[in-house]
Amino acid sequence: MSDTHAQTVGFVRDTMLPSAAPPVRESGAVRWLRENLFSGPVNTILTILGIGIVWFLVATFWDWFAHSVWNANSLNECREIVAATWGEGARGACFAVIRERWNQYLFGFYPQDLYWRPTMTFGLMMVALAPVLFSASLTIRRVVLAITAVVTLWAMIVLGAPAGWLGFATLVLVVGLVASERNIMWLLPFSIIYPLLGVWFLWGGSLWGPIFVLVGPVLGWIAWRVLSRVSPLLATVAAILVTVLFWLMLAGDAARDAENLLSLSIQSVRSDRFGGFLLSLTIGVAGIALSLPLGIVLALARQSDMFLIKSLSVIFIEFIRGVPLITLLFVASLLLNYFLPPGTTFDIILRVIIMVTIFAAAYMAEVIRGGLAALPKGQYEAADALGLDYWKAQRLIVLPQALKISIPGIVSTFIGMFKDTTLVTFVGLYDPLKSMSDAVRANVAWKGIYWEPFIFVGAIFFLICFGMSRYSMYLERRLQRDHR
């Protein structure tokens with residue numbers, strides 16, 4: 001028992017002092033500046049250097065941006081407006097070219113009366129992505145889908161969408177909102193069929209083509225169900241063969257016959273009419289959606305104990321990683337036709353998507369292999385102890401952890417692939433960065449304009465890539481279970 005009490009100490013306070021504010025150096029903006037900008041000699045020097053760089057950039061380019069012109073019909077008119085407003089010798093950006101050629105930068109040479117179709121396609125894409133990207137947060141789903149519905153329907157009305165298609169988009173968006181409130185998994189069937197619907201919306205033609213593309217996997221699943229009791233390996237091989245053979249030998253004729261019986265066609269749009277951000281988003285989204293599962297399969301194959309499977313995977317990955325993307329694009333554009341039967345027409349955008357997917361999947365496989373290698377051996381042993389077969393162990397235990405570890409690398413690959421979509425200019429497609437800007441400058445009214453298109457396209461690319469980066473950070477926080 002302690003001997004300290006009121007009789008043995010000199011003074012004992014019997015009242016509490018009121019709380020006082022912390023010193024100025026320990027609170028507010030002063031504390032933030034001291035901790036984040038001037039916490040030491042090196043940081044102070046770097047902060048002063050950074051301020052100098054920012055000051056140089058602002059002092060050099062501020063007048064160019066501040067004197068910008070947004071409403072003119074030619075570059076000469078922009079210069080006249082700048083001179084009349086700010087005096088002779090003043091300089092200013094001419095962003096009027098973006099305002100006038102906005103449609104070309106967004107849609108390329110897509111028919112103007114069909115602008116509502118790409119708009120509807122990318123609006124409905126958010127509904128299809130909701131069960132995949134936003135399934136965990138009701139608030140995010142509600143905000144994203146509500147904004148998507150308002151913007152998509154407003155844009156379709158402004159672009160003159162037919163009433164029937166406007167009603168269809170309204171129905172899908174409303175069902176998406178209702179499903180997101182009750183059970184987001186109800187939207188999974190729409191997510192599965194959306195890729196084919198998206199192709200049909202963008203390129204048009206007969207709906208029977210996408211329908212019979214779907215029939216192939218259904219027949220393959222039936223074959224797998226029939227043979228799975230005999231041999232799982234035989235059932236898998238049969239399912240793949242049935243699907244591929246149906247696509248190659250029967251799907252085209254069946255679609256043409258069905259179209260003759262009942263026409264479900266909409267106006268077709270050729271691939272050379274695609275351009276601008278419509279082209280980049282189409283190639284980027286398709287490449288991202290296809291390269292991830294292919295990369296997972298390649299990563300698992302590279303870790304396989306089967307010599308032939310592992311060797312083929314290693315050869316494929318190392319060969320693709322050793323070849324520049326532009327070489328693959330030239331192969332898609334020029335050489336691939338030599339290996340196809342005479343008279344075969346293979347869409348150039350589809351060829352580019354295949355090559356971009358293969359290129360991204362090779363890098364994706366190595367990123368995922370890094371995640372698989374980071375897992376402790378105990379995880380594999382735990383799956384064996386539970387009696388799980390190979391695919392169940394991968395699906396339930398190994399891959400969820402490996403993919404969580406690999407999220408930064410996966411998103412970096414996605415971002416790199418999306419930026420690489422501008423390389424399609426070398427195979428004659430109208431990317432938004434160079435080909436579309438060259439097409440705009442070909443007009444004598446805008447001949448001589450240079451930096452403004454690059455700044456505009458760069459800003460759009462930055463916003464999209466920054467959004468992908470922020471989403472990956474959100475995903476990492478959501479999947480972080482270690483400290484909960």
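Modeller: A residue is called buried when its relative accessible area is under 20%. The model discussed here is predicted.

Colleague: How many disulfides does the count come to?

Modeller: The count comes to one disulfide. Cys 78 and Cys 94 form this disulfide, and their sulfur atoms are 1.9 Å apart.

Colleague: Where in the chain do the two cysteines sit?

Modeller: Cys 78 lies in helix H3, residues 75–86, while Cys 94 belongs to the loop between H3 and helix H4 (96–100). The pair links distant parts of the chain, 16 residues apart.

Colleague: Is the link right-handed or left-handed?

Modeller: The link of Cys 78 and Cys 94 is right-handed, with 55° about the S-S bond.

Colleague: Turning to Tyr 110, where is its place?

Modeller: Tyr 110 is in the loop between helix H5 (102–107) and helix H6 (116–133). Its relative accessible area is 2%, so Tyr 110 is buried.

Colleague: Which residues is Tyr 110 in contact with, leaving aside neighbours within four places in sequence?

Modeller: Among them are Tyr 115, Arg 117, Pro 118, Phe 201, Leu 202 and Arg 273.

Colleague: What separates the C-alpha atoms of Tyr 110 and Val 215?

Modeller: The C-alpha atoms of Tyr 110 and Val 215 are separated by 30 Å, and the two residues are 105 residues apart along the chain.

Terms used: Residues are numbered from 1 along each chain as its sequence is written. This is a predicted model: local features need pLDDT of at least 70, side-chain atom pairs count only at pLDDT 80 or more; totals for chains, interfaces and linings use all residues. Side-chain values use heavy atoms; hydrogens and water are left out. A disulfide is a pair of cysteine sulfur atoms within 2.5 Å. Helices (H or I, at least four residues) and strands (E, at least two) are DSSP runs, numbered from the N terminus. Buried means under 20% relative accessible area, exposed over 50%, partly exposed in between (1.4 Å probe, protein chains only). Contact means heavy atoms within 4.5 Å.
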